Amino acid sequence: MQSNVRPDDMVRITNSRLAQKFIDEQVAEIKTQVGDGKVLLALSGGVDSSVVAALLIKAIGKQLTCVHVNHGLLRKGEPEQVIEVFGKQLDANLIYIDATDRFLDKLAGVSDPETKRKIIGKEFIDVFAEEAHKLEGVKFLAQGTIYPDILESHGVKAHHNVGGLPEDLDFELVEPVKLLFKDEVRVVGKELGLPDNMVYRQPFPGPGLGVRCVGAITRDRLEAVRESDAILREEFDIAGLNTKVWQYFTVVPPFTSTGIKDGKRTDNWPVIIRAVNSVDATAATPEEIPYEVLFKIRDRIFKEVKGVNRVLYDISTKEPATIEYE
């Protein structure tokens with residue numbers, strides 16, 4: 001079993017050859033650790049959990065069960081991608097749970113950001129634990145811990161909720177990428193054959209769109225966030241900005257302003273575009289987006305997203321602003 005300390009002489013994984021060597025080593029280690037045991041994984045569809053899932057499928061196949069919880073705060077197309085890649089292409093044991101109503105009902109009327117985060121985190125733990133209790137003979141819990149998580153949080157990756165699972169779920173952890181940095185995880189994911197839009201997925205907060213639908217979440221405003229975000233990502237892909245910008249997304253705040261459509265006054269929300277570059281998220285600067293790209297995004301949002309009459313571009317730096325709005 002690996003320690004939690006990355007050796008000083010550990011070679012960084014920067015190419016296909018090194019990635020394949022790492023994969024071969026981890027497949028052997030996983031087989032040794034797990035034997036004929038069963039493993040459970042909370043599969044979010046993010047880079048880390050997806051790479052761990054692909055590694056475990058390669059090592060132990062059907063001994064792994066993946067649980068994908070859709071809390072209703074994922075980006076457009078993400079649950080479908082998880083089902084397609086892992087349920088169909090990789091033939092994994094995949095349990096898909098659509099808990100949208102459960103989460104959004106608990107979040108109704110809650111505007112405090114920290115309270116929202118706690119509700120989302122606790123509800124995820126509850127849903128995951130309920131599914132875990134239905135399974136028999138599971139002794140191991142796989143987790144997408146990476147090395148920065150160990151440095152920053154003493155080895156417990158909070159958004160995977162391991163620390164909050166009930167005591168009767170006494171799992172042994174399987175953490176095959178815990179000594180890797182994010183860029184190395186991406187190289188390994190690419191070598192494992194995961195799609196680029198999963199491997200190179202930009203940072204996405206644990207509470208998902210819940211922190212981008214600012215204030216008390218309403219279903220119509222949440223849908224405006226999801227649809228406008230999808231437009232932004234699609235147009236950034238077309239313009240080649242997806243490889244130049246570190247993180248980009250839309251925000252819909254809980255206030256309206258006067259507009260006009262078809263000669264009639266409207267009272268609708270603004271959509272705020274946020275696009276920043278950063279190395280480690282401790283500081284961030286806005287990306288200069290060509291006006292023709294911004295105008296195309298604006299026009300599509302006006303045409304395709306309900307309840308919106310303004311599109312704004314946030315040029316704030318971190319500091320004094322933060323990257324996310326909550």
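In this predicted model, the side chains of E78 and R201 meet in a salt bridge, with 3.0 Å from N to O. E78 belongs to helix α3 (residues 78-89), while R201 sits in the loop between α8 (196-199) and α9, so this contact ties together parts that are 123 residues apart in sequence. Both ends are covered: E78 is buried because its relative accessible area of 9% falls under the 20% limit, and R201 counts as buried at 13%.

Let's move on to another charged pair. R274 forms a salt bridge with D314, and here the closest N and O atoms are 3.6 Å apart. This pair also links distant parts of the chain, with R274 in strand β8 (residues 264-277) and D314 in strand β10 (residues 308-314), 40 residues apart. R274 and D314 are both buried. Some salt bridges share partners, and in this way E234, E235, K296, R300 and E304 are joined into one network.

Now for a pair within one helix. K21 and E25 meet through their side chains in a salt bridge of 2.7 Å, N to O. The two residues are 4 apart in helix α1 (residues 16-34), so about one helical turn separates them. Altogether, the count of salt bridges in the model comes to 29.

Let's turn to the aromatic rings. A pair of such rings is described by how far apart the centres are and by the angle of the planes. The model holds 4 aromatic pairs. One of them joins Y147 and F181 in an edge-to-face arrangement, 5.6 Å centre to centre with 85° between the planes. Y147 lies in helix α6 (residues 147-153) and F181 in the loop between β5 and α7 (182-191), so the pair ties together parts that are 34 residues apart in sequence. Y147 is buried, with a relative accessible area of 11%, whereas F181 counts as partly exposed at 27%.

F236 and Y248 also form an aromatic pair, this one tilted: the centres are 4.7 Å apart and the planes stand at 35°. F236 comes from helix α9 (residues 219-239) and Y248 from strand β6 (residues 247-251), so that distant parts of the chain, 12 residues apart, are linked. Both F236 and Y248 are buried.

The charged end of R75 sits over the ring of F204, 4.6 Å from its centre. R212, in turn, lies over the face of F249, at 3.9 Å from the ring centre.

Finally, have a look at the strands around β4. Strand β4 (residues 138-142) is mostly covered, with 4 of its 5 residues buried. Which strands pair with β4? Strand β1 (residues 38-42) pairs with β4 in the parallel sense over 4 bridges, and V39 stands opposite F140 of β4. Strand β5 (residues 172-174) also runs parallel to β4, joined to it by 3 bridges. Here L141 has L173 in β5 as its bridge partner.

Note on methods:
Residues are numbered from 1 along each chain as its sequence is written. This is a predicted model: local features need pLDDT of at least 70, side-chain atom pairs count only at pLDDT 80 or more; totals for chains, interfaces and linings use all residues. Side-chain values use heavy atoms; hydrogens and water are left out. Buried means under 20% relative accessible area, exposed over 50%, partly exposed in between (1.4 Å probe, protein chains only). Two strands pair if DSSP finds at least two bridges between them. Rings of Phe, Tyr and Trp (its six-membered ring) pair if their centres lie within 6.5 Å; planes under 30 degrees apart count as stacked, over 60 as edge-to-face and the rest as tilted. A charge sits over a ring if NZ of Lys or CZ of Arg is within 6 Å of the ring centre and within 35 degrees of the ring normal. A salt bridge is a side-chain nitrogen of Lys or Arg within 4 Å of a carboxyl oxygen of Asp or Glu.
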